[in-house]
Amino acid sequence: MSEAAEGREVFDLFIIGGGVNGCGIARDAAGRGLSVALAEMSDLGSATSSASTKLFHGGLRYLEYYEFRLVRESLVERETLLTAMPHISWPMRFVLPHHRGLRPAWLLRLGLFIYDHLGGRKILPATRTLDLKRDPAGAPLKDAFAKGFEYSDCWVEDSRLVVLNARDAEARGARILPRAKVVSARREGDLWAVDLAHADGRRETARARALVNAGGPWVADVISGVLRINSSEKVRLVRGSHIVTKRLFEHDRCYIFQGGDGRIVFAIPYETDFTLIGTTDRDHEGGPEQAHATEAEIDYLCSFVSEYLKSPITRDDVVWTYSGVRPLYDDGAKSATAATRDYVLSLDESGPPLLNVFGGKITTYRRLAESAMRKLERFFPSAAGPWTAGVPLPGGDFPVDAVDRLVADLARDYPFLTPFWARRLVRAYGTQARDVLGDAKRAEDLGRAFGATLTEREIVWLMDNEYATRAEDVIWRRSKLGLRLSREEADALDAFMRERGAAARSVAAE
């Protein structure tokens, strides 16, 4: 049982919600010297933060909605984040075919010129014009698309970003409590009393000087149901659904396609052998946990991309779908597409401070955390100042251009690794891949093999170091190896993890 549960410690900051914003705030605050606790009712990053399009990007289309501050902040952040996590984030080139019936070419080029220069780009290459009749990027496209533009943005492994922020927060003194639901919180004098219900049945009460509601799509539910506070601020739940197909093209560039409805859809090389397509923008009814890609959304994405590809895609090409709910601040926009992606931080000072976090996008999570700390800093005058810009996340302490060297060195020192296996480990763990493999000389030294290069030693490492307790935590959030495992293999992995977890709890109780 934690010290907080026994009432011996008062935290400076208690955070509700273990998505990217909650974990980002926890890391920032812990690094400033504050005592921090964070509770997440499920696995870390199990909702919106693992259901993104996996991009650190400025949001090219947001320029049409005049969200220049948000776009500029996002563009500046791309390179700041890239240098701090070169294992889970990397540059990508995006091909924008010119569609004669939609935006004129001059307007696209002007938008991309602004996009290139608004954020002070230093690492990423600039936009260039493509002759799609000659460039390999034109090969998968219909003959009608003769001209295009190529620009830069960045990929990010979204759910790993969440876990690595949580790990770094914990290394700096934070208490990270996954699968601990906050059932109620109330002001008692100058403190917050926070009641927790753990998945294993334990009950705890923590106390803190300030409370942060980073509940993501549940932010409004936390305000009304957990805190029992009336608020005029509203959240707009917008569902974004994605489909994954077998690999649709051979090159390593992404496409950004325009639609006649004003939306854009990405087609991105994914997990070596697949293509990721998304996203939709639909107002979501019902609970966030009910989000799934509807039949209409799947048809929409297939039809949208097929407008551009020589070989149209159908439902039969779809191997997986996922959907997440974005908790956007309700600014009264007419459509889900037009609703602001900017974040809003609302501070309630009618007693011990409460900070409610609305909206935001994954690219600006670090800046959001800094903004949150600016809101709270006067309550903690002894706290240090901003520090996170460019500071590596666990495993990210190497140069942006050194991934191939790390992969080669790992394959040399562990010759039993296949090329796919070595690259997967470096992309997941960076310089800590060697901690996972340890002193293994042969594949057999890593224990039981669960399929798709997952071994017992890696699973144990994930359980001991990255809060994983179920197979789904590993194969859909710590990795995407669920695309490669059979149902039987996934079930065997889940049984192993549950048995190991039960044995560990039994030992701890003795």
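In strand β14, Gly 278 is the bridge partner of Phe 266, and the five bridges between strand β13 (residues 264–270) and β14 run in the antiparallel sense. This is a predicted model, in which local features need pLDDT of at least 70, side-chain atom pairs count only at pLDDT 80 or more, and totals for chains, interfaces and linings use all residues. Residues are numbered from 1 along each chain as its sequence is written, and side-chain values use heavy atoms, with hydrogens and water left out. Helices (H or I, at least four residues) and strands (E, at least two) are DSSP runs numbered from the N terminus, and two strands pair if DSSP finds at least two bridges between them.

- Five of the five residues of β14 (residues 274–278) are buried, so the strand is largely enclosed by the rest of the structure; buried means under 20% relative accessible area, exposed over 50%, and partly exposed in between, with a 1.4 Å probe and protein chains only.
- In a regular strand the side chains alternate between the two faces of the sheet.
- Phe 274, Leu 276 and Gly 278 lie on one side of β14 and Thr 275 and Ile 277 on the other, and both faces are covered.
- The hairpin of β13 and β14 has three residues between the strands, and Glu 271 in the turn has a positive phi of about 50°.
- Strand β11 (residues 235–246) is joined to β14 by five bridges and runs antiparallel to it, with Thr 245 opposite Thr 275.

- Strand β8 (residues 180–188) pairs with β9 over eight antiparallel bridges, and Arg 186 has Ala 193 as its bridge partner in β9.
- Two residues separate β8 and β9 in their hairpin, where Gly 189 takes a positive phi near 65°.
- Strand β10 (residues 203–213) is joined to β9 by six bridges in an antiparallel arrangement, and the partner of Trp 192 in β10 is Ala 208.
- The hairpin of β9 and β10 has four residues between the strands, and Gly 201 takes a positive phi near 100° there.

**The second largest pocket**

- The second largest pocket has a volume of about 1100 Å³, and of its 29 lining residues the closest to the centre are Pro 178, Asp 200, Arg 202, Thr 469 and Arg 505.
- On a 1 Å grid over the protein atoms alone, a pocket is an open set of points where a 1.4 Å probe fits, with protein on both sides within 12 Å along at least five of seven lines, and lining residues have an atom within 4 Å of a point.
- Grid points are joined across faces, edges and corners, and the volume is the space filled by probe spheres set on the points.
- At least two lining residues come from each of β7 (175–178), α11 (456–465) and α13 (487–509), and α13 gives the largest share, nine residues.
- By class, the lining holds 13 nonpolar, five polar and eleven charged residues, where Ala, Val, Leu, Ile, Met, Phe, Trp, Tyr, Cys and Pro count as nonpolar, Asp, Glu, Lys and Arg as charged, and the others, Gly among them, as polar.

**Aromatic pairs**

- A search of the whole structure finds 17 aromatic pairs, for which the ring centres of Phe, Tyr and Trp (its six-membered ring) lie within 6.5 Å, with planes under 30 degrees apart counted as stacked, over 60 as edge-to-face and the rest as tilted.
- Tyr 115 and Tyr 151 form an edge-to-face pair, 5.6 Å centre to centre with 90° between the planes.
- Tyr 115 lies in helix α3 (residues 105–118) and Tyr 151 in strand β6 (residues 147–156), so the pair ties together parts that are 36 residues apart in sequence.
- Tyr 115 is buried at a relative accessible area of 2%, and Tyr 151 is buried at 1%.
- The rings of Tyr 429 and Trp 461 are also edge-to-face, with centres 5.4 Å apart and planes at 75°.

**Cysteines**

- Zero disulfides are found in the whole structure, a disulfide being a pair of cysteine sulfur atoms within 2.5 Å.
- Cys 302 has its sulfur 19 Å from the closest cysteine sulfur, that of Cys 254, which is too far for a bond.
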